[in-house]
Structures are given as structure tokens and as C-alpha cells.
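I opened this structure to get my bearings. These are my notes, in the order I looked things up.

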Amino acid sequence: MADPRIVIVGAGPAGTRAAETLVAAGLRPIVVNEAAASGGQIYRRQPPGFTRSAETLYGTEASRATAVHATFDGLVGKIEYRPETLAWNVQDGALHILHGVQASRLPFDALIIATGATDRVMPLPGWTLPGVYSLGASQIALKAQGCAIGRRVAFMGTGPLLYLVASQYVKAGAAVVAVLDTSPLSARLRALPLMAARPDVLLKGVGVMLRLRRAGVPIHLGITPVAIEGDGEVALLRATAANGTALEIACDAVGIGYHLRSETQLADLAGCTLAFDAASHQWLPVLDQDGRASVAGIYLAGDGGRILGADGAETAGKLAAYAALADLGRTVPDADIEKLRSSQRRMDRFRRGLAIAFPWPAHLAAALPDETLVCRCEAITAGELRHVATALDAPEVNRAKAFSRVGMGRCQGRYCGLAGAEIVAAARGVGVEQVGRLRGQAPVRPLPIAARVDGA
Amino acid sequence: MPTDGRFERLAELDRPAVPIEIDGKPVTARQGDTLLVAILTHVGSLRVSEFGDGPRAGFCLMGACQDCWVWTPDGERLQACGTPVQAGMRIVTRGAPWPILG
């Protein structure tokens, strides 16, 4: 019998460890990666010719990053690597891909989806001005290009990335004028029992905060965002401090983000069941402890299934690969798997802790002024979305999308979908879990009109 | 409208120069730059929203938001954050130059 054909989407920490595990089992998986180089976003590599050290790029995670890179590089020749290849649909047991303008399908016996996460964003007036970027973008500019997003940079939002990016900017010599966090200190204290599941990570987080304080960066907790203002570009960030005073921060760039959201579109298109996760306020694929989705032969690993971070992604990649191997009738190392599962349970406790410490500020969506752009693709306002949710009686987000186009633009709802659902829910006076989620649509990214299928 | 660059280079400063042209104006990028960085180290924005709400300068830098589209004079669309700069590139940031068919 021919070897089973296993396709992995993504070459970050999860995809890399999944591929390594399959190769060790004697298989030759296909790895589809949107970028040219492996590493994913978290361990993104700088272009050839750049000279900064791993320590400069990845800080305390340098050894993990280089280990993941080395593992992937060691798989060359043992996997079928498809770099610069977009996975844009899953249908009838095949992954649909595009390389350049060449479209094709990859039939699979098992599919491991390791597509990671993007920034979770809450709109505010002025967030489409030049100079406003996601936290992830702020980090990519520095890590992959050696650039700051501006000359006087403010960071606003919540979550570990908020502080990490700010401290990386300080370390690189950028002027960080303020860090504004919507989460209050009390939330962090409440989360301690769960976050104690990973004391090492907790300590690293405290270290990042201390470095920012020592650098003299003003940090404001429990703030309420008001607006980003400027004439054709960012000039001022307005917020309200926890004590009610107005904060006016002069800056030419703002990095915003509220932790992360899983990239679930491919699982959705594959027909996997998603369920509302109350801890993260997101719809996530239903998974067993090893990453098996509800559809046979589909596995999720890494932040695309649960936001466990890079370490959790490595473990999830191994578990998903073992699950696929077991389901294909191969023998797997049960004792090792049990250890990996135990590690993931600890990671998941920490994940739930993070969600308490740095909660998604859903209430801000309800309070957005009507004129705020929610959909940055097509410039559709919160007021227009409220109108379709109430006057036109759209009961859930897909109908609201059909009426308003919020979620129908070229980002496919990645940056408006979660806030949009909160706006619809608040306008209708129901919980956000009542208004559903935007259904995944193929292609998950825009395809060039020149795309073609040879031999079809 | 700002005329100087938006992004500030902090590291990797001694890479070879790569000449490109933005809206007809010759500028110098660096080898290894993405098109987005090559443009935003010289000008303040990448495009103008088709919906009348002003200029845009990208948002996610990871190929997800699609807010960094720029064009070649022939009408080819490029995602600025994911396209490496190449010597001689000519980029249009104001209005899609749709190719005239037929």
C-alpha cells in the first residue's frame, strides 16, 4: 500500500513540529507555506543579507526560534516543500492551492492545518489613518525589516504582545511614547492562579513590564480608547485614563491589538464544527485533546486552533501528527503522547488565565460612535451595521454582512468580524454567541484574475 | 499630506541600494526591503481608499488585511507587504491603472 499523503498548511512552530514527527515516522509530508521561509509569524526570519543575531530578533525565545528553524532546514529533501503557496480552499478531500498564478489541488489522506493567528482588533475612530498598524505589523516591521512604524510610537490594546512589541521597540532604539492597556491591574491579579500554570512565561512577562518601566515608558492600565486623530495621518491618540482623566498622546504612529484571533477559515471550509469559546469570545473548531477536528482526517495545530503561543504550537504540531499517524493505523509512542497532552493542559490553563488578565473589551464595540469605520476594506460604519441589525432586522452576522457588506471585503472579515459581531449583538440586545459567526468563504484570500489551472 | 517617510529605519542600514520609481519619482530602496517598506520610508501612504475616506498605508504587514495594494503602470496589482523590492520597479500608488483591453 502506498504511503498516506499528509498535507500540512503552515511552516511555523506547529507545522514544523508536525512535519518533523511525520518524517520521523517514515513519511514524506507536503508542507504548504504562504511565505518563502519557514518560521511562521512568531519566528519569522529576516530576509537574506540581514545580519542581526537571533538574540536581537527573538530575545528570550532565541534558542527556541533557532531550534525550530534548524529543524525545518533539516527536513529539506525529506518533505515536499511548497513555499510561497497560498492554501485557499478545502473541498472534497483536497486542498486548493495557488503558487504565483498557477492553481492546483492537493488531494490528501490527512490534512494538518497550522495556519496560526492574526491580531484581534477593536476599531476606533481614526484607525484607518496612515500610521495605525496592528501590533503584529509593528513587530514584523522591526523583526523582518529593521524598521519602526513611526518616529514617535504609541501602543494601545491589551495582551502579552502589547508589552512585548513595546519593549522590542525600546530595545531597538525607537521612541515609544506610551503604552495604553484596556485591561485593569485587578484582572491580572484575578488571573494569577491560572497563569501560575506557566511560571516561566509569567516571569518573562514581568521582566518585559519592568524593562518598559525602567526605560521610562508611561504605561496606563484600565484605559478606554477614544480616538486617533490627524489630518491624513496620525497625530494624536486620545483615551480616558482609569481615573477618568483625559489622555492626549502626541505621536505619529499607533500599534493596536487585543491579543489574537485564530485563523479558522480552512477548517470551516473543510466542514469542521466550530463552537463558541466563552473564554476567548471566539468561535473555535471543536477539537479533541490531540487536535482532531470533527471531520475525519482534519487536524488543527497551533494558534489556528487554540491560542497557546509558540511553545504550545510546537507541542500541538507533534500531537496532531501523532493523531494523524494513529488514525492511519501507524503505531505511535503512547507514553510520549501522554506527556505532550499533559503539557498542553498546562498551556490551556495559562490560555484561560490570559483571557482573564487581558480580556477582549467587547463593551467598547457597543460604545463606538456611529460614524466609526468598522469595515476598513469598504469604509462601512458602525452606524450602518447597527441599522441593518435593527431596522432591517438582520438576526445574525451573515445576514448583517449581506445587507451591509461588513465582512464581505477583501480581508474576508479578519479585521472587522469579531467587533462587528459585538456591534450586532449589542444593537439587538443579545449575547454575542447568539449572532453567530461569519462563515468561511473560498478563496480565503483574494486570487489574481490571472490565476489558472493547468491540466484541469 | 506628509511628504517624508513614515517608517524609520533602525537597523540593517548598510544594505546595497536598489533604485525604484514611485509615482514617477526615482527613489532608493535597500536590498531585502519589502515594497511596503521601500515606499513608506519615502512617502506617507500607499494608496487612497476607493470609498472616499482618505489615504491608507497598510495595516497588518502579513498579507491578511489587503490594505497595502499598489500597482504597476501596466495595471498589475502587488501586495506591497509581501513583495520584495527589485531594481527598476515602477510603482503607482494613486489610482489603479486598469489596462485598456482590446
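**Domains**

I began with two domain centres: those of domain 2 and domain 3 of chain A are separated by 25 Å, taken over C-alpha atoms. I keep in mind that this is a predicted model. The contact takes seven residues from domain 2 of chain A and ten residues from domain 3 of chain A. I sorted the domain 2 side of that contact by class: six residues are nonpolar, one is polar and none is charged. For the bounds, I noted domain 1 of chain A as 6-118 + 261-354, domain 2 as 121-258 and domain 3 as 362-435.

**Helix α3**

Next I checked the length of helix α3 of chain A, residues 62-74. At 1.5 Å a residue, its 13 residues should span 18 Å, and the end C-alpha atoms are 18 Å apart, which agrees. Which residues of α3(A) are buried? I found Ala65(A), Val68(A) and Phe72(A). They cover an arc of only 65 degrees around the axis, so they lie on the same side of α3(A). On the other side, Ser63(A), Ala70(A), Asp73(A) and Gly74(A) are exposed. I then looked for what covers the buried residues of α3(A); it includes α1 (13-24) and α2 (54-58) of chain A.

**An open sheet**

I traced an open sheet of four strands in chain A, in the order β4-β5-β6-β24, with mixed pairing. β4 (85-91) and β24 (452-453) of chain A stand at the edges; each has a single partner strand, so one side of each has no neighbour in the sheet. Further in, I looked at β5 (residues 94-99) and β6 (residues 102-107) of chain A, which run antiparallel and are joined by six bridges. One pair I wrote down: His99(A) has Gln102(A) in β6(A) as its bridge partner.

Conventions. Residues are numbered from 1 along each chain as its sequence is written. Chains are lettered from A and ligands numbered from 1 in the order in which they are written. This is a predicted model: local features need pLDDT of at least 70, side-chain atom pairs count only at pLDDT 80 or more; totals for chains, interfaces and linings use all residues. Helices (H or I, at least four residues) and strands (E, at least two) are DSSP runs, numbered from the N terminus. The expected span of a helix is 1.5 Å times one less than its number of residues. A residue is buried if 20 or more other C-beta atoms lie within 10 Å of its own, exposed if 12 or fewer, and partly exposed in between; C-beta atoms are placed from the backbone. The arc is that of the directions from the helix axis to the C-beta atoms. Two residues are in contact if their C-beta atoms, placed from the backbone, lie within 7 Å. Domain bounds come from an automatic or database domain assignment. Ala, Val, Leu, Ile, Met, Phe, Trp, Tyr, Cys and Pro count as nonpolar, Asp, Glu, Lys and Arg as charged, and the others, Gly among them, as polar. Two strands pair if DSSP finds at least two bridges between them.
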